[in-house]
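User: Hello! I would like to learn how to read side-chain features in a model, one at a time. Could you walk me through some?

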Amino acid sequence: MKKTLLFSLFIILTNYISAQVTFDVNAIEIDQPVTITVDVNSNGSDCNGLSNPNKVYMHSGVGDNTNPWGFNVIGNWGQDDGVGEMTNNGDGTFSITITPQTYFGLTQTQADNATQIGMVFRNEDGSQELKDNGCEDYIFPIGIVVINFTQPTTPSIVIASGDNISINATIDYQGSTTVLGTFEVFYNDVSVATGTCGFPNCGTTLTNITESGIVKFVGTAPGTSETGEASFEVIVAPTVVEQALPNGMVDGINYDESDATKTTLVIDAPNKDFIYVAGSFNNYNPDNSFLMKKDPTTGKFWLELTGLTSGQVETYQYWVYALNPVANSPTIVKTADPYSTLVLSPFDDPWISDSTFPGLNTTYAYPSGQEREVTVLQTGQTPYNWQVTNFNKPKKEDLIIYEVLIRDFDTDRNYQDLIDKIDYFKDLNINAIQLMPVMEYEGNESWGYNTSFHLALDKYYGTADKFKEFIDLCHQNGIAVILDVALNHAFGRNPMNRMWMNDPDNDGWGEPSSENPYFNQTATHSYSVGSDFNHQQSRTQNYVERVVKHWIEEFNIDGFRWDLTKGFTQNCQGSDGCTNGYQQDRVDILKQYADYSWSLDPNHYVIFEHLGANSEESEWANYRIGEGKGIMLWGKMTDPYNQLTMGYNSNNNINGMGHNSRGWTGKRLVGYAESHDEERLMYKNVEFGNSGIGGNLNTSLGRMDALGAVSLTIPGPKMIWHFGELGMNNSIFTCNDGSVNNPDCKLDTKPQPQWIENWTTNANRSEIFDAWSRINELKINEAVFEGDYTINSGNLTPSIYIWDNSLPASQLKNVVIISNFNTSSTNINPNFPYGGTWYDLMDETGNTTISGSTTSINLAPGDFKIYGNAVPTLSNGSITENNLLRVYPNPTSTSFKINKNVTEVLIFDITGKQVKSFVGGFNKNNVFSIQELVNSIYILKIKDLSGNVQTTKLVKH
């Protein structure tokens, strides 16, 4: 039969058949049966592979040369449902027989245009998969006669009106080497040339082309009637209208606030000649009415879309053309908007559950027949109804930041998991949550640092409104929200990378070209991942500031943790010494970004992950400190703290946990003993701890209380990596199958024992939680912890002294912390600074005291004490500005809790009528049911144990 190929760059079929995958025919034909056999004995894949599978499934798709999976996909990944199941031949091979046209349910048009089949093989639950060497999908061509163009080498070319087109091709027959034959060339289905091939090429030239069209090359194998076809597209450059960009327009989508039927799109694309907007509103078949105009002053392209329906979801791409691109750069790039706030992806979306992102496969369905990401456009959206519009951020000095990877926090791996655990965060008394990147990244189960769209939320975690609900709930409960942002780099799907890329193999992916206005071709520092942004380019700076503005103004985000700030220099290609040293350009640009953040939000948190030279970090930490600002810096102290918890009396100096060790004016060091990048302390305690610690889980857990005492209390912001407070002992290198493999499994999705095994009720683990909760409460609410300090360390009995002499003697103004990380009991002299009575601050009653003249206190191994010169306000029943009664969750649907012991709770509706009351003695975390109340806003009047009364708002929904 005749087989049509849109454009073929394939090598012959026999070269695709490996030792693992074979066919019973010389070539796959779309309407003929083929038996596909996979051999799992000869597992040569470089990634994963099948190991003694009980069943093997073929997950497969068919499409044209733009996407081998584009027409249809057969298989339900991870489901043992028989769809794509192969027959076990009993010798380590598995087979399946299909007729592609019927198996994939293709229309005749799709069958005529199908050029390749994609395959991946898996076991029954999808935990093992087999791909080609190099971890690529198996891709096989379709057809007996295969036409390969050698000129042109891309499926689309752009020419000026009147240009000539040179054509050369080869004819392959039944997978054999290049053969002679005859050919006929058609332009827009009109025959324009015929000829006989002279080995090895068939060629002709079309002259004076003045209109766009399709070149179709029909080749006939010698001595047969078998033919094959291949086509490429010719685009004749149109005349672009030059017209001034309307006032007030910014790059990306500009919604019209007064008219929901129109919007204006803007894109900055230097070195590009013309751009079409292709979308659902023109069936992705744009004519010249969707040719973008060009602003003569800025060179930006823009187009006003009209006739839109308010509230209707539309999708679009930019089709970006260049007449004379640099070598190996494509003439056309089809891409989503770089400033997308929501993108749909054919690579990731099919594996996102509808419960996490409702309507993803219906309302927001990816448009069929397209490739790569598309941007979502929707006029007339209903704004989120924020309950908190004037959140008062915690002081930088008081921050207890809780770092979270949403993917590994709970079972559903979405924002709802965090919302449902708001009481967990409140019980721990943290006052900030820092999320690892939530911007659209490549793949689904990722840490998020492979970001491709910095203004868009990744749908794997949920919708924008659900994210806003989480932020709003945090703000209602006094918790700030900080985002981890990766603006040092971007990855291959990023439109600003793809529009100016080297793509010699024409697969639509590549690295930045020499004309890229955003990225360096070679990273200018020694810690490169992805494509390296050039932060000295004004366009990059504008993009970064738009990202900052978006998350602050649209989502009320309280701060950013800037990932890998060492990469913000242009001076240090390939040099560790240079990268780690002082770089003025990096200092200046990062101050500029901080200034911009503060121009939008004067109290915005700016945190750098620099971990570099103090000469540079000092400039940032002290920057504008007199205005209450200053940039916070990550302070990694994992190794010395782990030496303590493992019980080793070497390399355990913890002085670097505080700002004094750096000579900074302000308390701007975010010190931490654990973060997402470091091995779990508890894992090393159990695996490598000193005698009596290593191998003993409960003993190892018993040393983590003291870790909090000698880390979280030190003045200045501090950070907890999620579930350190429960003694998480799974290695950071835990693999999907539960084994530990360093470093291959670092990014693997982690198990959830903290919830499955109910660690919060485990006495040894909850003891850590309770101790850290009390320490956090002291740190946040007691003014002394904003004072000065000294640390005596470098041994297994570190002590910390904290004071603020500006406070009156009757208040808590001196704190002494002692600890014992030995493996046996030890007598310790607390060296109280003066006599009198000292109070055990971990005793909430305030009744446990000790004399200031005491010179020896016996501490068991892993024990600690925190003493103060006065009873803390937490223990005397008073309510201060920083120790308010808190109601959570809020909003709620059935019940709420209060974080303190209370004697009375009265509930009033918005008219002032009392609708419910609770009178008596209620412990903190008592559940107050409001199941019977209608959804509305209520006023709570709450009386505490000292008779103090506070009122607050509660929303039932």
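This is a predicted model: local features need pLDDT of at least 70, side-chain atom pairs count only at pLDDT 80 or more; totals for chains, interfaces and linings use all residues.

User: Is Asn890 buried or exposed?

Analyst: The idea is to compare the relative accessible area with a cut-off: under 20% counts as buried. Asn890 has a relative accessible area of 7%, so it is buried. Leaving aside residues up to four places away in sequence, its contacts are Leu473, Gln476, Asn477, Lys953, Leu954 and Val955.

User: Now the nonpolar core. Which residues touch the most other members of the largest one?

Analyst: Think of a core as buried nonpolar residues joined through their side chains. The largest has 160 residues, and Phe467, Trp562 and Tyr641 touch the most other members. Another core, of 28 residues, lies apart from it, with Ile96, Ala111, Ala114 and Ile117 among its members. As for Phe467, the residues it touches include Tyr415, Leu435, Trp551 and Phe555.

User: How many aromatic pairs are there?

Analyst: The count comes to 49. To classify a pair, check the angle between the planes: under 30 degrees is stacked, over 60 is edge-to-face. Phe409 and Phe425 have ring centres 5.5 Å apart and planes at 25°, so they are stacked. This pair links distant parts of the chain, 16 residues apart, with Phe409 in the loop between strand S29 (400-404) and helix H3 (415-420) and Phe425 in helix H4 (residues 422-428). Both of these Phe residues are buried.

User: Why is the pair of Tyr415 and Tyr461 edge-to-face?

Analyst: Their planes are at 65°, which makes the pair edge-to-face, and the ring centres are 6.1 Å apart. Because Tyr415 lies in helix H3 and Tyr461 in the loop between strand S32 (451-457) and helix H5 (464-476), the pair ties together parts 46 residues apart in sequence. Tyr415 and Tyr461 are both buried. They also belong to a cluster linked by ring pairs, together with Tyr441, Tyr460, Phe467, Phe470, Trp551 and Phe555.

User: And charges over rings: which ring does the charged end of Arg561 sit over?

Analyst: For this feature, look at where the charged end lies relative to the ring centre and the ring normal. The charged end of Arg561 sits over the ring of Trp634, 4.0 Å from its centre. Likewise, Lys421 has its charged end over the ring of Trp755, 4.5 Å from the centre.

Notes:
Residues are numbered from 1 along each chain as its sequence is written. Side-chain values use heavy atoms; hydrogens and water are left out. Buried means under 20% relative accessible area, exposed over 50%, partly exposed in between (1.4 Å probe, protein chains only). Contact means heavy atoms within 4.5 Å. A nonpolar core is a set of buried Ala, Val, Leu, Ile, Met, Phe, Trp, Tyr and Cys residues joined through side-chain atoms within 4.5 Å. Rings of Phe, Tyr and Trp (its six-membered ring) pair if their centres lie within 6.5 Å; planes under 30 degrees apart count as stacked, over 60 as edge-to-face and the rest as tilted. Helices (H or I, at least four residues) and strands (E, at least two) are DSSP runs, numbered from the N terminus. A charge sits over a ring if NZ of Lys or CZ of Arg is within 6 Å of the ring centre and within 35 degrees of the ring normal.
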